[in-house]
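Thanks for coming. I have one protein to show you today, so please look at the screen.

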Amino acid sequence: MAEHKVGIIMNGVTGRMGTNQHLIRSIVAIRKQGGVKLADGDTIMPEPILVGRQEHKLRALAEAHQLSRWSTNLDECLDDPSNRIYFDSQMTNYRADSVKRAIARGKHIYCEKPTGATLQESLELARLAAAAGVKNGVVQDKLFLPGLLKLKRLVDAGYFGKILSVRMEFGYWVFEGDWQPGQRPSWNYRKEDGGGIIVDMFAHWRYVLDNLFGAIRAVSCLGMTHIPRRVDEQGFAYAATADDAAYATFELEGGIVVQANSSWCVRVNREDLLTIQVDGTEGSAVAGLRDCKTQHRANTCKAVWNPDIPNPYHFQEQWQNVPDNQLFDNGFKVQWELFLKHIVIDTPFPWGLLEGAKGTQLSDLGLQSWRERRWIDVPDLTL
Ligand SMILES: NC(=O)c1ccc[n+]([C@@H]2O[C@H](COP(=O)([O-])OP(=O)(O)OC[C@H]3O[C@@H](n4cnc5c(N)ncnc54)[C@H](O)[C@@H]3O)[C@@H](O)[C@H]2O)c1
């Protein structure tokens, strides 16, 4: 029973996503469980090297998780043949340059979304990786959320009959930073630094909708910057130049209509930070991050409009929970394990840089729709 050690360069690992989701909840968690077990009894053991600009942060993070390897020199890490994977969770604007350097050194690529600042940049990465013959993957974590896995189960079972529409509500109040610190990095609110909710969330909506319900064919989007001034991590006020809310409609193949509200300026009055309601001829469902509930046509109450009497309906009680039926692990970790298997034993991994580029395509077209105040078709994307 062999152990396959795989060196992973983790660049941008001191950031919010890098530290929490990718290092602690994925790579460190995989190491603690003894690696990724393979069917033949072998294991894959990830061997991370933490990369960034600030030595003291990297050293502290490495020590906190009993890791021995860290570096501020990306090129040195790329020159080490034991590092087979380059992973990137830097600020989006810095990703393309580093990923290109890694592809040129023959590294397999795994990275956060969005993969680039524009479609052109994202597509270039996908093409370079294909030409170099390196394996590649992009984080599509929402697909592995328990709530969305349950929704997928319902779709696969044909539960909905013909799916008519999908309503997505995403968001929460992100503090402005003045009287309470903001809970997201300030660059998210500066366009010039790669910020904006359209760029951020449409990268997710693309793969969620494509994978669950069908390819997105057209987009109409209205963006807003509701809060024009925020206060950054150092306490300095700055102009919020990026969109902080997006009100979009998508048309999917087969005629499914999707309405997707994404906002960092909304107070939550729903069961979760993301809820997805699907209405079909045979039944409906509402998924959150972990839960999913259904209402079959046979259980649908005949609602009648009558504001002259107190509401006799308890609408929330008319739904039935979809059972777990399995254990759900952290979605980022599940995808890391699949990617590691893809690298070592060549199992399929369908979420590569071309899929990532489709996300950037959707945000580019959403921004164009907003700018031009019109519907935009989403063309097929190929390498
Ligand atoms: N999959 C998801 O659900 C999800 C959620 C949030 C963010 N993200 C993506 O993850 C990436 C990181 O986001 P975050 O929220 O962790 O941001 P963050 O600001 O917390 O971290 C950004 C990282 O980039 C590094 N960095 C900052 N300035 C840099 C520079 N000038 N040169 C090189 N590196 C620099 C920082 O040191 C840090 O390690 C973004 O691309 C974002 O779109 C994904």
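I will go from the overall fold to the ligand, and then to the nonpolar cores.

This is a predicted model, where local features need pLDDT of at least 70, side-chain atom pairs count only at pLDDT 80 or more, and totals for chains, interfaces and linings use all residues. Residues are numbered from 1 along each chain as its sequence is written.

The protein has 9 helices and 18 strands, where helices are DSSP runs of H or I with at least four residues and strands are runs of E with at least two, numbered from the N terminus. Along its principal axes, the C-alpha trace spans about 75 × 55 × 40 Å.

Now the ligand. How many residues surround the ligand? There are 21, and the closest are Gly-15, Arg-16, Met-17, Glu-112 and Pro-185; to be near, a residue needs its C-beta atom, placed from the backbone, within 6 Å of the molecule. Helix H1, residues 16–32, gives the most to this shell, with 3 residues. At least three shell residues come from each of domain 1 (3–141 + 331–352) and domain 2 (146–326 + 361–372), with bounds taken from an automatic or database domain assignment.

Last, the cores. A nonpolar core is a set of buried Ala, Val, Leu, Ile, Met, Phe, Trp, Tyr and Cys residues joined through C-beta atoms within 7 Å; buried means 20 or more other C-beta atoms within 10 Å of a residue's own, with C-beta atoms placed from the backbone. In the largest core, of 46 residues, Ile-9, Met-10, Leu-50 and Ile-109 touch the most other members. Apart from it lies another core, of 44 residues, including Leu-209 and Trp-264.

Definitions and conventions
A residue is buried if 20 or more other C-beta atoms lie within 10 Å of its own, exposed if 12 or fewer, and partly exposed in between; C-beta atoms are placed from the backbone.
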